[in-house]
Amino acid sequence: MLNVSGLACSRGERRLFADVGFSLSPGEWLHVQGENGSGKTSLMRLLVGLSPADAGSILWRDEPTPSAEFRRDLIYLGHHAAVKEDLTPLENLRLAAALDGIALDERAALAALIRLGLRGREELPVRVLSAGQKRRVLLARLLTRPAILWVLDEAFNALDVAAVKLLGDLIAEHLANRGMAVLTSHQPLPVPGGKTLTL
Amino acid sequence: MNPFLATVRRDVLLAMRRKSEVLTAVFFFVIVTSLFPLGIGPEPVLLKKIAPGILWVAALLATLLGLPRLFAADHGDGTLEQMVLSPSPLGLLVAGKILAHWLLCGLPLVLLAPVLGLQFDLDASALGVLTLALLLGTPLLSLIGAIGAALTLGVRGGGVLLALLVLPLYIPALIFGAGAVEAHIAGLDVGGHLSLLAAMLVLAAFFAPWATTAGLRIALE
Amino acid sequence: MGDHGGIEDCIRVSQSIVQWFRFASPQSFYPLAGRMVPWFWAAAAIFGIAGLWMSFFVAPTDAQQGEGYRIIFVHVPASWMSMFIYLVMAFWAGLGLALNTRVSSMMAQALAPTGALMAALSLWTGALWGKPMWGAWWVWDARLTSELILFFLYLGFMALQAAIDDPRRADKAGAILALVGVVNIPIIYFSVKWWNTLHQGSSVNLAKSSMATTMLWGMLLMALAFWMYSIAVALMRVRAIILERERHTEWVKHAVA
C-alpha cells in the first residue's frame, strides 16, 4: 500500500538523509529511529506531503502522493498540540471533524474522550488542562477520524504510564484492523512487531 | 457540516471567546477617524470634503491590524498543518477563514461607518453610499490581505512587511470606494464606482483563495 | 519506417529539451552569463553615447519648455524600463514556480533591484522636470502616481525575499507576490487614471505636443541603452546570486579558486 523509495532531504546545505526506502502493507508498522537532528520529523513531513523531497518517490495505493485519496486515508499527529486552547475538548474534536468533512455526533466524540481518560474534562477550556491531557485531546482524533495510515511523530512524549499503554493499545487495535502506522521515537515502543528504520 | 461553514463557525467561535481582538480593530477605526478633525481643525466644509477618504483609509488600516493574526494562531498551534492535510480542499478552508475574518473585522467597520460619518456632517444618502461602498470594499480588503498574510506567515518582521506588501494592492479599492462617496456628494452617479468595486470583488474572490493557499503551502514547507 | 522516423523525432525533441534544461542549471548558466555580460555593456555604451549625443546636440530646443525638457530622455526610458522589468521579473518568477528551475527564480531576484532603480530614477527625474514645469517637485499626476506605486511593489518584492531565510521559500513566495502584482498593475494603473481625471489633476501629454523625429530617436536610443544596461547588470547580479547559493558545491569552489 505504502511504497517509499530513494527519498532524500536536506536542510539548507546539510544533507539529512538520502536513499531512504521502505514499504508497508496492511497490519504493519514502521518504527523510525534516530538521534536528535537525524531528520525523523523531516521524514514524517515529507511522508505526509507537508514539504517536498529533494529526490525519491512516495506511492500510496500505487499512486504518487499527495493525492486527495491519500489525505483521506491519512492522519498525521505532529509535535504541535493542534488543539485550540479557547475551545473545550468536545468542541475541538467536533470542529476538527467538521473541517475534515466528517459527521461526528456528540455521543461518538464523548465516547472517544472518555476512552482517552478525559471524563469530566470535556466541557473545560483546553487552556486549563495539563500538557499530557492536551495531548490526549489530540489523540482522541485517532478514534473519531477513520484513517488507514497513522503517522505519529513523537506521539508518546508528555504522556504518563497509563496513557503510553493506552496509545500502545490503540495502535495495536488499529493494526489488527488492517491499519498501518509510522511512528517516530528514540525509545522502545509498547507495540509488538514492526519494521525498523534507523536514520 | 460543510467544511467551509465549519471553518467560518470555528473562527467566529474562537473570536467570541477572545473578544478583545475584534474590539481592538473597531476601537482603532473609531480613534483614527476621530483624530483627523483634531489634526485638521473643525471646519465643517473641509471635513465633509475629506470624510470619505479618512473613513476609507481608517478602514484600510483597521483591516490591516487584524491580518497578521489571520493564520498566525493556527500556524503556531499546528492546526494549520492539519488543515493542509485535511481531506477537505485547502482552498475551501482558506475561503472560510477569509469570510470569518471579514465577518469579525470588516462587517463591524461597515456597521460603524455611518455613525462615524455623522461626525463629518455627511447627509443620509451619502452615508448610505459610504456603507454600500464599504460593504463591497471590505471583503475585497480581506481577500487581498489574506494573500499577504499567507506570504509573510512566520517571517521576521512579518507585520510591517505585510503592510508594505498589501497597502499598494489596496489602492484601487480605496480610489473607487472613497470615490463613490465623493462622486455622490458632488451630485454624480455612483453606479460606475460601485460596479467596478463589485467586479474587483468577484475577481479577488476567484483568485485570492488560490494565491493564499499556494502561499500557505510554501510557508509550511 | 514511419514509426522509426517518429521515434527519432521524439529523441531529437527530447534532446533539444535536455539542451535547454542544461542552461537552466546554475552551473552551465554561470559561465554563459559571464560571456554575455561584456557584450551587453558594450551595447549599452554605444547606444548610450549615441542617445546622449542625439538628445543633447541634435534634438531641437522645445518651443514651450526650453532646454529643461531634455530630462525626458532619461525620464521616459526609465519609466518604460521600470514597467517592462516588472513583467519580465514576474515571468521568470512564475516560470521558476511552475517548472522549479532555480536559475529563473534567481533571474527574477536579480532583476528586482534594477527595476526598483528604474522606478526611482523615473520618480526623481519626474520631480526634477516637474519643478520648472509646474513649479512643484511633486504633482499627483496619474503616471507619476502609478510609478510611485510600482516602486512600492518592487520594494515589497525585495523586502519579502530578504525577510525569508530559506532561498527556495523566498523564491516561491516572491513569485506569488510578483504574479499578484502583475494582475494588479493594470487595475492600479486604470484606477489611478480614473482618479486623476475625476480630480482634474494636471497631466502632461507628450503625444500631443508635436515631437520632432529627432526627439523620438533620442528617446529610443536611450531606451535601448537602458535596456542593455539592465540586462548586463542583471546578468552580473545573477552570477553573484548563483555563487552565493551554490557556494557549498564543488564547481563553485573550482570556479572561484
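Visitor: What share of the contacts in chain C with a separation of 6 or more comes from residues 24 or more positions apart?

Guide: This is a predicted model, and in it residues 24 or more positions apart account for 77% of the contacts in chain C with a separation of 6 or more.

Visitor: What is the secondary structure of chain C?

Guide: Chain C comes to eight helices and zero strands, so that, in keeping with the definition of those elements, its order from the N terminus on reads α-α-α-α-α-α-α-α.

Visitor: And how much of chain C is buried?

Guide: Of the 257 residues in chain C, buried ones make up 44%, while the accessible surface of the chain comes to about 13,300 Å², with 70% of that surface belonging to carbon and sulfur atoms.

Visitor: Changing topic, how many residues do chain B and chain A each bring to their contact?

Guide: Chain B brings 27 residues and chain A brings 26 residues, and between them the two chains bury about 2,600 Å², 57% of it on carbon and sulfur atoms. On the chain B side, B:Gln82, B:Leu85 and B:Pro87 supply 26% of the area that chain B buries against chain A, which is more than any other three residues supply.

Visitor: How many salt bridges are there between chain B and chain A?

Guide: The count between these two chains is five salt bridges, and the rule also finds 13 residue pairs in polar contact across the interface, with both residues at pLDDT 80 or more.

Visitor: Which helices of chain B are on the side that touches chain A?

Guide: Helix 1 (3-17), helix 4 (69-77) and helix 5 (79-85) of chain B each supply at least two residues of that side, and helix 1 gives the most, with eight residues. Taken by type, the residues of the side of chain B that touches chain A divide into 12 nonpolar, seven polar and eight charged.

Visitor: Which residue does A:Glu91 meet in a salt bridge?

Guide: The side chain of A:Glu91 meets that of B:Arg17, at 2.8 Å from N to O.

Visitor: What about B:Glu81, which partner does that one have?

Guide: B:Glu81 and A:Arg45 meet through their side chains in a salt bridge of 2.7 Å, N to O. Because B:Glu81 lies in helix 5 of chain B and A:Arg45 in helix 1 of chain A, the pair joins two chains, and both of these residues are buried.

Visitor: Let's go to helix 3 of chain A; why is it described as largely enclosed?

Guide: Helix 3 (residues 89-99) of chain A is largely enclosed by the rest of the structure because nine of its 11 residues are buried, among them A:Pro89, A:Leu90 and A:Asn92.

Visitor: What do those buried residues pack against?

Guide: Within chain A, the buried residues of helix 3 pack against helix 4 (106-115), helix 5 (131-139) and helix 6 (141-144), and in chain B they pack against helix 1, helix 5 and helix 6 (90-118). Just after helix 3 of chain A, A:Gly101 takes a positive phi of about 75 degrees.

Visitor: What does the side chain of B:Thr33 reach?

Guide: The side chain of B:Thr33 reaches the backbone oxygen of B:Phe29 at 2.9 Å.

Note on methods
Residues are numbered from 1 along each chain as its sequence is written. Chains are lettered from A and ligands numbered from 1 in the order in which they are written. Side-chain values use heavy atoms; hydrogens and water are left out. Contact means heavy atoms within 4.5 Å. Buried area is the accessible area (1.4 Å probe) that two parts lose on being put together, summed over both. A salt bridge is a side-chain nitrogen of Lys or Arg within 4 Å of a carboxyl oxygen of Asp or Glu. A polar contact is a pair of N or O atoms within 3.5 Å; within protein, one must be able to donate a hydrogen and the other to accept it, and residues adjacent in sequence count only if both atoms are side-chain atoms. Helices (H or I, at least four residues) and strands (E, at least two) are DSSP runs, numbered from the N terminus. Ala, Val, Leu, Ile, Met, Phe, Trp, Tyr, Cys and Pro count as nonpolar, Asp, Glu, Lys and Arg as charged, and the others, Gly among them, as polar. Buried means under 20% relative accessible area, exposed over 50%, partly exposed in between (1.4 Å probe, protein chains only). Accessible areas come from the Shrake-Rupley method with a 1.4 Å probe; for residues, only the protein chains shown count as cover.
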